[in-house]
Amino acid sequence: MTHQPSRQKGMTLIGFLLMLTVAGFFVLLGLKLFPIYLEHFQIKSSLTSLKSDPEFASRSRDEILSALEKRWDINGITRVDARKDAVIEKSFRHVKVRVAYERVEPIVGNV
């Protein structure tokens with residue numbers, strides 16, 4: 001009776017390290033991008049809550065900016081400045097508030 005060697009099955013160390021590297025990259029990507037998207041949605045929700053205020057259209061520019069700053073302080077948004085980044089356009093029928101900002105976050109070092 002002859003014994004035939006069975007083929008080994010499984011992942012090699014190099015394959016495991018490669019898989020771990022790819023998984024680590026996506027975890028790092030998620031950890032870097034999640035706060036940026038969270039901040040964006042908080043800014044968007046603060047503008048929506050400002051819009052739902054019944055006295056919004058009758059407020060002055062400074063009162064609107066102050067209300068935005070208060071909402072952003074509550075949500076912990078520090079990278080956007082209402083006085084610099086918010087643009088308020090008042091017309092006869094409605095008020096438009098736009099926020100223009102950019103946030104750049106390096107993924108791995110300064111690459």
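Modeller: A residue is buried under 20% relative accessible area, exposed over 50% and partly exposed in between, with a 1.4 Å probe and protein chains only. The model is predicted: local features need pLDDT of at least 70 and side-chain atom pairs count only at pLDDT 80 or more, while totals for chains, interfaces and linings use all residues. Residues are numbered from 1 along each chain as its sequence is written, and side-chain values use heavy atoms, leaving out hydrogens and water.

Biologist: What is the relative accessible area of Arg 83?

Modeller: The side chain of Arg 83 meets that of Asp 62 in a salt bridge, 3.4 Å from N to O. A salt bridge is a side-chain nitrogen of Lys or Arg within 4 Å of a carboxyl oxygen of Asp or Glu. Arg 83 counts as partly exposed because its relative accessible area is 40%.

Biologist: Which helix holds Asp 62 of that pair?

Modeller: Helices are DSSP runs (H or I, at least four residues) and strands are E runs of at least two, numbered from the N terminus. The pair of Arg 83 and Asp 62 links distant parts of the chain, 21 residues apart. Arg 83 lies in helix H3 (residues 82-85), and Asp 62 in helix H2.

Biologist: Is Asp 53 buried or exposed?

Modeller: Asp 53 and Arg 59 join their side chains in a salt bridge of 2.9 Å, N to O. The relative accessibility of Asp 53 is 18%, so Asp 53 counts as buried.

Biologist: How many salt bridges does a search of the whole structure find?

Modeller: Side chains of opposite charge can pair when their charged atoms come close. For the whole structure, the search finds six.

Biologist: How are H1 and H2 oriented to each other?

Modeller: Axes are lines fitted to C-alpha atoms, for helices over the stretch in contact, with angles from 0 to 180 degrees between N-to-C directions. The axes of H1 (residues 13-51) and H2 (residues 61-75) come within 10 Å and cross at roughly 135°. Angles under 35 degrees count as roughly parallel, over 145 as roughly antiparallel, 65 to 115 as roughly perpendicular and the rest as oblique. H1 and H2 are therefore oblique.

Biologist: What separation do the C-alpha atoms of Ser 49 and Leu 18 have?

Modeller: Ser 49 sits in helix H1. Ser 49 and Leu 18 are 31 residues apart along the chain, and their C-alpha atoms are separated by 46 Å.
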